[in-house]
Amino acid sequence: MAHEAAQGSHLLSLLTLTPAPAWNLCVYLLAMAASVQLLLGWHTRQASALFLLGVLSLQNYAYPLSYSGDIIIRLTALYLMATRCGRVWSLDARRARKGLRGARPAGAAVWAVLGGLLAACTLGPTPGRPWLLGALWLVWAARAWSWQASRAPGSVQARWLEAAGNAVHNAAVAVMMGQIVLIYYTAGTAKLAGTAWRDGTAVYYALHELGMPFPTLTDMICSSQALVAVLTWGTLVLQTGLPLALLYPRAKNWALAATFCEHCGIAVLMGLPYFSLAVLCADAIWLPATSPRRRSNPPLATKDGAHSQPHLYTYPPHDQTPRVGARSAPTCSVRPTDC
């Protein structure tokens with residue numbers, strides 16, 4: 001039944017090539033291996049394409065059973081393929097620090113496997129949407145082009161590829177951030193239209209209608225009308241105010257912590273762990289890549305009024321050009337950079 005439904009919907013899935021159980025097991029193992037490879041950041045660009053192909057293969061094969069959490073995973077996997085998510089905290093970053101660049105035998109093998117799977121999807125009974133298949137082929141061809149350009153790092157071709165990659169990465173990150181803002185804002189405004197959310201009783205009905213994995217804990221929460229009202233109105237404030245809180249760094253951190261607690265409660269009390277994990281993974285795009293610089297004492301001001309230490313959520317400037325008017329500024333008749 002799933003095979004017929006996937007063929008009738010014309011959605012991209014490796015599982016539609018053959019209904020053999022052995023092939024289904026291979027696709028499941030491939031999806032698991034791509035997930036681990038992307039998590040470790042090993043040949044991340046090819047891993048992101050393999051991960052997207054595995055997500056589409058599993059979700060499209062059960063398309064009538066999909067829900068909002070599957071949509072978030074599918075869109076995030078698509079945007080993740082356009083980002084440079086392997087630049088930090090990955091095995092690729094470790095290889096780059098050691099100076100190991102260019103095509104390696106393992107990377108070439110992963111690239112060849114991806115090309116074979118894409119060829120099977122293209123020639124299969126359900127090739128899917130042309131633009132999606134074209135995007136996967138574009139990543140496959142661009143990776144080979146990048147390997148060829150990496151042989152001459154200072155060439156014009158390598159610089160153009162680096163600039164194009166940065167532009168695509170920034171655009172994808174901006175779209176992923178906008179997706180989270182849109183999800184929370186539309187969810188919050190939709191709740192405002194409901195009477196149960198405005199009078200503070202919606203959490204009580206939600207916990208009882210969707211099932212109770214832990215009935216004792218649910219009864220303890222619902223026994224207090226004040227707690228139910230606080231949870232209901234707090235959810236409204238959090239979801240409608242999150243887009244504004246993201247504009248200020250300190251408010252953003254507290255808002256993200258509140259969303260983490262909210263989705264942990266949804267996973268435990270409402271029995272929706274996969275939906276909560278999907279949203280939390282998408283929320284991670286707003287987390288900082290590095291820890292903020294904290295200090296116990298405030299910065300000391302110099303005689304010219306400038307602070308001797310950077311702001312709490314900023315990094316020190318890359319250039320060390322002295323300030324104009326400072327006593328330690330050198331006297332020079334050439335450009336400041338030459339001084």
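A residue is termed buried when its relative accessible area is under 20%, exposed when that area is over 50% and partly exposed in between (1.4 Å probe, protein chains only). The structure is a predicted model, in which local features need pLDDT of at least 70 and side-chain atom pairs count only at pLDDT 80 or more, whereas totals for chains, interfaces and linings use all residues. Residues are numbered from 1 along each chain as its sequence is written, and side-chain values use heavy atoms, with hydrogens and water left out.

H43 has a positive phi of about 50° although it is not a glycine, and is placed in the loop between α2 and α3; helices here are DSSP runs (H or I, at least four residues), numbered from the N terminus. With a relative accessibility of 5%, H43 counts as buried. W89, also not a glycine, has a positive phi near 55° and lies in the loop between α4 and α5 (91–97). W89 is exposed, its relative accessible area being 71%. Most residues other than glycine have a negative phi.

Helix α6 comprises the 19 residues 105–123, which at 1.5 Å a residue should span 27 Å; the end C-alpha atoms are 27 Å apart, in agreement with this value. The expected span is 1.5 Å times one less than the number of residues. Within α6, the buried residues are G107, V110, L114, G115, L117, L118 and C121. These cover an arc of only 165° around the axis and therefore lie on the same side of α6, the arc being that of the directions from the helix axis to the C-beta atoms. An α-helix has 3.6 residues a turn, so residues three or four places apart point the same way. The face turned away from the buried side of α6 carries the exposed residues P105 and L123. The cover over the buried residues of α6 includes α2 (21–40), α3 (44–61) and α7 (130–149), contact meaning heavy atoms within 4.5 Å.

Helices α4 (residues 68–80) and α14 (residues 273–283) pack at an angle of about 30°, with their axes 8 Å apart. That angle makes α4 roughly parallel to α14, a term for angles under 35 degrees. In this pairing, S68, G69, I72, I73 and T76 of α4 meet F275, A278, V279 and A282 of α14.

T232 is located in helix α12 (residues 225–245) and, at 0% relative accessibility, counts as buried. Residues up to four places away in sequence aside, T232 touches A196, W197, G200, T201, A202 and V203.

How values were computed
Helices (H or I, at least four residues) and strands (E, at least two) are DSSP runs, numbered from the N terminus. Axes are lines fitted to C-alpha atoms, for helices over the stretch in contact, and angles run from 0 to 180 degrees between N-to-C directions. Angles under 35 degrees count as roughly parallel, over 145 as roughly antiparallel, 65 to 115 as roughly perpendicular and the rest as oblique.
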